[in-house]
Amino acid sequence: MSTPPPTIRHPLRILVLTTSPSTPLPSRLEGSDLPLTTPYYSTTVPIWRDTISPTPAALQSWQDEWRVPEAAEVMQSLGAWIAVVRKPAVRPRKDGAEDGGESLDDIRDTLTAIHKVISHHQDTSLERATAVVDNEPLLLVIGMPQPLRPLLEMSCDEWEDLGLDCGGWQWIDSEAKGKNEFGEKLGLERLQEALEANEWDGGDFDADEVDLESELGLRRDETTVDDIAVERDDVVGIREAILGQDTLDDEDDEGDAQVEELESMMLKMQAIKEKGAGMPEADRKRLAAKTVRDIMKTI
């Protein structure tokens with residue numbers, strides 16, 4: 001009988017950054033925790049999220065916020081920074097990343113700004129002869145599908161060069177499959193491989209004691225399947241908040257269709273809740289987060 005791998009009880013955390021709230025995430029990063037098990041260790045890594053707008057003013061503001069001395073402990077708690085972006089189109093929309101239309105320059109500027117913050121805290125620790133921030137976090141940039149056409153044509157080598165130029169980011173194309181000419185996995189299999197190979201042990205440093213949400217406004221998706229038992233009146237209230245009561249009043253002739261739509265939502269939520277009843281907590285949270293997003297798209 002084989003011995004189970006040791007458990008990492010105080011793992012470092014993952015920070016997922018997107019350039020827009022509408023940027024889709026790989027399914028592995030949708031929940032609030034990421035279970036990892038290899039022959040060498042077992043752990044559950046907490047996932048935190050932040051949105052960073054790629055405009056020059058917003059990037060500078062974000063850097064100023066993260067460069068304060070109080071952020072050093074937060075930096076030490078992070079074992080991986082994962083930037084999730086849509087692959088750029090040839091002609092991004094004028095409103096930019098607000099609707100997934102970020103340009104190649106937007107992506108380059110965002111990755112550079114993040115790396116500057118990481119380097120600032122590492123350099124500050126060296127200057128002060130302290131080890132406040134002495135970890136080398138994993139840096140991944142994930143390219144998600146882009147609905148705009150035509151796409152900007154860039155080879156994998158060009159993306160990898162851009163990542164290196166911006167501070168050592170590893171490029172992962174979420175749509176790639178199989179292996180490259182060196183036998184290395186591509187796409188989301190590469191994401192899983194990189195995460196499993198990373199160093200997550202925080203040692204005596206307990207990342208759970210760091211309040212990232214109050215320190216830097218980060219968020220963690222704590223939704224569970226049990227949280228989505230929404231009543232019909234709740235869904236109506238959501239529609240009113242988004243569309244406005246006047247809009248709903250103008251749709252009285254479609255009342256029957258709305259009733260059927262709401263009832264369909266409620267049945268779907270109940271089915272999801274029952275499906276998640278026997279799942280591990282981390283999987284239930286990922287399922288709940290996906291369900292909430294799907295429902296919001298329909299209202």
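Asp50 is buried, with a relative accessible area of 9%. This value, like those that follow, comes from a predicted model. Asp50 belongs to strand 3. The side chain of Asp50 makes a polar contact of 3.1 Å with the side chain of Trp62. Asp50 is also placed against a residue from another stretch of the sequence. Thr18 is 32 residues away along the chain, and the C-alpha atoms of Asp50 and Thr18 are 6.7 Å apart.

Strand 3 spans residues 42-51 and also holds Arg49. Arg49 has a relative accessible area of 8%, so this residue counts as buried.

Strand 2 covers residues 33-37 and includes Leu34. Leu34 is buried, with a relative accessible area of 0%. The C-alpha atom of Leu34 lies 8.9 Å from that of Ile14, a residue 20 positions away along the chain.

Attention now turns to charged pairs. Side chains of opposite charge can pair when their charged atoms come close. The count in this model comes to 4 salt bridges. One of them joins the side chains of Lys87 and Glu175, with an N to O distance of 2.4 Å. This pair links distant parts of the chain, 88 residues apart. Lys87 sits in the loop between strand 4 (78-86) and helix 3 (104-127). Glu175 sits in the loop between strand 6 (170-173) and helix 5 (187-197). Lys87 is buried, with a relative accessible area of 11%. Glu175 reaches 41% relative accessibility and therefore counts as partly exposed. Asp173 joins Lys87 and Glu175 in a network of salt bridges.

Another salt bridge pairs the side chains of Arg108 and Asp105, at 2.7 Å from N to O. Both residues lie in helix 3. They are 3 residues apart, about one turn of the helix. Arg108 has 31% relative accessibility and counts as partly exposed. Asp105, at 47%, is also partly exposed.

Glu193 pairs with Arg190, and their closest N and O atoms are 3.1 Å apart. Glu193 and Arg190 are separated by about one helical turn, because they are 3 residues apart in helix 5. Glu193 is partly exposed, with a relative accessible area of 31%. Arg190 is partly exposed too, at 24% relative accessibility.

Negative charge also gathers on the surface. The patch is made up of Asp157, Glu158, Glu160, Asp161, Asp165, Glu181 and Glu184. Asp161 belongs to helix 4, which runs over residues 156-165. At 42% relative accessibility, Asp161 is partly exposed.

Gly167 is partly exposed, with 23% relative accessibility. Gly167 and Ala113 are 54 residues apart along the chain, yet their C-alpha atoms are separated by 9.5 Å.

A further loop residue is Pro69. Pro69 lies between helix 1 (56-66) and helix 2 (72-76). Its relative accessibility is 57%, so Pro69 counts as exposed. The C-alpha atom of Pro69 is 8.2 Å from that of His121, although the two residues are 52 apart along the chain.

Leu34 is buried at 0%, whereas Pro69 is exposed at 57%. Gly167, at 23%, is partly exposed.

Notes:
Residues are numbered from 1 along each chain as its sequence is written. This is a predicted model: local features need pLDDT of at least 70, side-chain atom pairs count only at pLDDT 80 or more; totals for chains, interfaces and linings use all residues. Side-chain values use heavy atoms; hydrogens and water are left out. Helices (H or I, at least four residues) and strands (E, at least two) are DSSP runs, numbered from the N terminus. Buried means under 20% relative accessible area, exposed over 50%, partly exposed in between (1.4 Å probe, protein chains only). Patches are made of residues with over 30% relative accessible area and no salt bridge: like charges are joined within 9 Å, nonpolar side chains (Val, Leu, Ile, Met, Phe, Trp, Tyr) within 5 Å. Accessible areas come from the Shrake-Rupley method with a 1.4 Å probe; for residues, only the protein chains shown count as cover. Lys and Arg count as positive and Asp and Glu as negative; His and the chain ends are not counted. The place of a charge is taken as NZ of Lys, CZ of Arg, CG of Asp or CD of Glu. A polar contact is a pair of N or O atoms within 3.5 Å; within protein, one must be able to donate a hydrogen and the other to accept it, and residues adjacent in sequence count only if both atoms are side-chain atoms.
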